[in-house]
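Trainee: I'm new to this one and would like to know where the labels come from. Can we go through them together?

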Amino acid sequence: MGTFKNHDTIILNEIEAPQIAKKALPGQFVILKANEMGERIPLTMADVDKKKGTITIIYMIVGKSTRLFSTLEVGEGFQDVVGPLGSPTHIEKRGTIVCVGGGTGTAVLHPITRGNFEAGNNVITILGARSRDYLILEEKMAAVSHEMKICTDDGSKGIHGFVTDALKEILDTQKVDEVIAIGPVPMMKFVSKLTKEYGVPTQVSLNPIMIDGTGMCGGCRVTIGGKTKFACVDGPEFDGHQVDYDNLINRLTAYRHEEERSEECMFEDENI
Amino acid sequence: MTKKERRQIPRQLMTERHPKQRNKYFDEVTLGYSLKEAQLEAARCIQCKDPQCIVGCPVSIDIPGFLEMIIDHKLEDAIGKVWESTALPAVCGRVCPQEIQCEAVCVVGKKAGREPVGIGNLEMFIADWARSNGVKNKVEIAPKTGRKVAVVGSGPAGVTVAGDLAIKGHDVTVFEAFHKAGGVLLYGIPEFRLSKDIVDYEIEGLRELGVKIECNSVIGRTYDIDELLDEYGYDAVFIGVGAGLPNFLNIPGEDLTGVFSANEYLTRANLMKAFDFPHYDTPIIPGKKVAILGAGNVAMDAARTALRLGAKSVKIIYRRSREEMPSRHIEIHHAEEEGVEFELLTSPLEFIGSSEGRLAGISCERMELGEPDEGGRRRPVPIKDSQFFIDCDLAIIAIGTKANPLLTNVTEGLELNEWGNIKADPKTGKTTKDRVWAGGDITLGQATVILAMGMGRDAANSIDEYLKSLGKKGKNEKN
């Protein structure tokens with residue numbers, strides 16, 4: 001396993017997992033557990049190297065587990081890595097596809113964008129982030145896109161504004177066959193709202209809380225077109241126009257207090 | 001001791017922790033027999049000529065045989081006798097519904113006012129004795145056959161198949177999706193009924209028989225069945241993946257925060273040890289007022305878990321009456337002793353949320369029992385205008401599980417029934433797919449640990465027969 005840090009809080013791990021690498025397809029995820037006491041965390045694979053037998057995950061430190069993951073040095077390992085999980089992205093030649101990535105969602109978007117590029121689609125990529133420091137995989141995304149736009153909330157790079165501003169401009173000026181949006185839930189919600197007005201099919205990748213990731217608990221259930229689906233087996237990708245985003249946001253905050261407490265305890269332990 | 005003297009011994013009760021103390025901790029409720037109690041209980045067995053208890057046991061343990069050895073204080077022989085038939089005696093002694101199996105047919109219990117021999121308690125005693133004295137399973141392993149078998153799932157069915165085939169000299173690998181082996185014994189049945197150390201110990205015993213266990217392997221994703229057979233050189237596959245997909249009620253508000261499947265709640269608490277949060281990293285919402293929907297063993301487990309996590313009140317909500325409750329009587333009794341309340345003849349209509357989208361209560365209606373249905377149970381019928389509200393901040397849905405389609409969806413040639421269970425020959429476990437057997441809940445729907453083990457035993461025999469028909473592995477065969 002290799003680790004390098006390209007930002008203070010955004011971490012990339014390349015993990016040796018030959019069997020997962022052999023089977024993984026774009027859009028699929030793995031579940032990782034750092035150690036004996038650890039919890040199971042789902043992360044969508046950003047890259048796969050079948051020859052080397054490795055998979056790559058990119059994540060932001062947001063709580064105890066991701067902080068724990070980030071402390072792993074090259075040569076150390078996760079105790080448990082399981083996958084590939086979830087249904088792969090359906091990729092085919094459609095025409096013009098706009099791939100919209102927000103924050104670390106870009107990592108998830110990368111293999112899907114590459115898949116669409118290789119399938120012969122005209123790929124336009126929009127990357128958004130809080131500021132230039134939070135932009136990731138710019139070069140890799142540019143290599144699999146015919147056109148790329150960058151947006152930052154604070155204007156420190158590219159367009160000063162949200163990804164939806166850049167997307168609207170494209171939708172107003174040309175025919176788009178599909179939009180794929182992956183990032184924070186509010187971003188996916190607003191992209192879907194916009195594309196619905198234009199009648200453009202939109203795929204999003206959802207990130208609900210998961211435990212097993214194999215369909216046995218329903219912890220990751222989401223409401224799609226009024227029906228309950230398990231994101232770990234039916235997804236994680238869904239029709240963006242059918243998702244109940246407010247419910248997803250609500251369910252994602254279920255353990256807010258416990259998550260804070262867990263991270264606090266981690267710092268207390270370090271002080272001992 | 002004469003027969004008459006034997007008949008006069010009352011059934012020995014196992015010591016249990018006090019309900020008002022034990023409902024705060026996850027320690028095991030029953031403390032087991034002392035040697036003296038075990039010998040007294042074993043002496044109640046009249047050593048029948050034609051022991052029906054062996055017939056009543058799905059894995060045919062020689063019950064009078066090991067009981068006699070306990071009386072004679074030949075404890076190592078006694079556990080050896082049990083191990084001839086099962087690799088999981090500490091588990092079975094604890095979780096088998098003996099009242100409908102071995103003990104149901106015990107002659108001693110046929111006389112009015114007499115209770116059957118405590119076979120389950122004695123099995124638990126001898127297994128616990130072996131564990132605490134470090135006695136290892138010395139069962140004889142047949143010479144290596146060179147034949148490879150893949151077992152999918154490490155629950156009771158898979159573990160039985162793996163143990164049996166290893167003893168017969170085959171090279172067995174068990175594939176488990178979770179990070180630890182044991183299936184429902186680990187994630188489903190709580191610590192206070194079955195300590196996880198016991199499950200780990202009995203799984204370790206399997207490794208000592210030469211079985212390899214590969215965790216974090218989701219068959220259907222990480223590997224496919226055909227890949228195992230054609231690429232990795234397995235001669236046969238046994239599928240024992242259970243029925244792990246939870247049923248939901250499909251009523252409004254089910255997606256509110258605070259509504260869980262029992263599978264999720266119990267997995268967090270048991271497998272992930274969320275009861276020890278933040279020492280362990282997985283959180284759980286403990287709940288102050290908890291409602292459990294359903295009345296099977298899983299519902300009792302969830303209810304008693306919620307109590308131990310600090311709930312002030314726990315209510316079982318069930319649409320029929322007490323007589324129809326599918327749980328074991330002992331579990332209902334334990335739950336009641338610990339303070340679980342029963343809201344019977346009650347059916348949930350809707351989960352009601354607070355302004356923050358968290359569960360605030362359940363709108364219910366009262367039921368009455370009408371005509372019997374196809375299964376012979378009286379069908380519950382709603383009473384008009386009987387709606388009422390149950391105040392709760394946590395609801396756990398325990399209305400059963402069904403087959404998980406993850407594996408069956410991607411495996412060609414496996415015929416399923418209308419509920420998505422794999423069709424398998426009831427005698428051999430043979431499926432419609434060449435070289436593939438199945439057993440346990442994935443074929444039966446949700447059943448019991450011991451039934452899964454019994455089916456595992458039959459499938460192992462059938463697989464062994466098939467492997468023998470292939471002959472010893474030739475040098476020119478692909479490995």
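**Why these labels?**

Mentor: Cys99(A) counts as buried, as its relative accessibility is 0%, and buried means under 20% relative accessible area (1.4 Å probe, protein chains only). This is a predicted model, where local features need pLDDT of at least 70 and side-chain atom pairs count only at pLDDT 80 or more, while totals for chains, interfaces and linings use all residues. Residues are numbered from 1 along each chain as its sequence is written, chains are lettered from A and ligands numbered from 1 in the order in which they are written, and side-chain values use heavy atoms, without hydrogens and water.

Trainee: What makes Cys106(B) buried?

Mentor: Its relative accessible area is 10%, and the limit is under 20%, so Cys106(B) is buried.

Trainee: And why does Gly153(B) count as buried?

Mentor: Same test: Gly153(B) has 9% relative accessibility, so it falls under the 20% limit. Leaving aside neighbours within four places in sequence, Gly153(B) has contacts (heavy atoms within 4.5 Å) that include Val174(B), Phe175(B) and Gly240(B).

How values were computed
Buried < 20%, exposed > 50% of the residue type's maximum accessible area, 1.4 Å probe, protein only.
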